[in-house]
Amino acid sequence: MTTAFVTGISGQDGTILAAALAADGIEVHGLVRSADEEAQQRTVLPAGVVLHLGELTDRARVGELVDSVRPDEIYNLAGISSVAYSWEHPTVTGEVSGLAAVGVFEAAWSLQERTGRAVRVLQASSAEIFGRPDRTPQDEGTTVRPISPYGAAKAYAHQMAGIFRGRGLHVATTILYNHESPLRPTTFVTRKITAAAARIAHEGGGTLSLGSTAVRRDWGWAPDYVDAMTRALRHTTADDFVVATGVTHTVAEFVETAMRHAGVADWEAHVETDEGLVRPADAAEQIGDATKAHEVLGWRPTVTFDELVGRMVDHDLAIVRGVA
Ligand code: NAP
């Protein structure tokens, strides 16, 4: 039986991945940070998923867990996933999303060296490694030139994945563009928008405060991106793969689509700009070229932008109506 070890199992992607792996008959182990979280995850994750307490930055603990679980597949999804948070906490971001990822590669490499059994690793890289990209759309050959603490931490882990690959470890990376689902916390702009659209529709009024609404992003459906991760990890050759839809929308378009879906007609009347929410540096547009993932992995996104926004709004409408 295949055994998988998932860091970040309590996050959006980790939750979706754990369910998909368990449904495939894989023995799933995951890393969680606290006993409270462990108890909470037990109600969310499929029965049989084994949770282990530990901090990703605790290299000894990560090494000990990898040695005892002896996974065939490791998915390193844990990390600081918010660019906004990374500006407030650049050191923690570097430690968790940069250095600790290398601890995971080291643990996998050392298990492989000692047992002679191949260990495959998937590193969740990010479009933020491209910063203000020198080409549009971006692909695997685009210059890595981050402009945020989050992007810099992810860039370090991404480049170290390549270095461990050269050393004989099967480390694949997925360079993920923004991907969403109802599991996104409301601290992220997409879920903040869909939760506000549902609230405004339900209460018949209210406002939504946002930073720049002109920013353009390439948004996809999280389960599709998790599917790309397993395809990348299991491909014969470990490599880097951009995972994106190739279609961009502005934050304003996201708001308009969400409000329309919720039944709010005059959406602009409900949106106010908060300069405090504008980031120190932000790429005006990110758009990915996933041709390599299409051709090599047979991967394609299955959910359109309108469907994605609609699914998130429906979920938030069910919450405000007390039927979720
Ligand atoms: P998420 O929902 O924020 O999940 C992050 C996970 O990391 C959580 O389980 C969190 O645990 C865990 N974590 C954070 N710090 C940790 C630490 N010190 N030790 C152990 N665990 C720790 O993120 P996501 O959206 O699922 O994203 C998964 C990965 O893909 C992340 O690495 C993210 O950077 C990357 N990515 C995501 C996107 C996207 O659009 N979603 C785009 C590009 C790249 P707690 O629950 O305890 O906080």
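In the predicted model, helix α6 comprises the 18 residues 149-166. Buried positions in α6 include Pro149, Tyr150 and Gly151. Ala153, Lys154, Ala155, Ala157, His158, Met160, Ala161 and Phe164 of α6 are likewise buried. The elements that cover these buried residues include two helices, α4 (83-88) and α5 (90-115), together with the strands β5 (120-126), β6 (170-176) and β11 (240-243). Glycine 168, which follows α6, has a positive phi, near 110°.

Strand β2 (residues 27-32) is mostly covered, with 5 of its 6 residues buried. Strand β1 (residues 3-7) runs parallel to β2 and is joined to it by 5 bridges; within this pairing, phenylalanine 5 is placed opposite histidine 29 of β2. Helix α1 (residues 12-23) forms a right-handed β-α-β unit with β1 and β2.

Strand β2 also pairs with strand β3 (residues 50-53), again in the parallel sense, through 4 bridges. Leucine 51 in β3 is the bridge partner of glycine 30. Between β2 and β3 the chain passes through helix α2 (residues 35-44), and this β-α-β crossover is right-handed.

Technical notes. Residues numbered from 1 in each chain as written. Predicted model: local features only at pLDDT ≥ 70, side-chain atom pairs only at ≥ 80, totals over all residues. Heavy atoms only, no water. Expected span 1.5 Å × (residues − 1). Buried < 20%, exposed > 50% of the residue type's maximum accessible area, 1.4 Å probe, protein only. Contact = heavy atoms within 4.5 Å. Pairing = 2+ DSSP bridges. Right-handed = clockwise from strand over helix to strand, strands pointing away.
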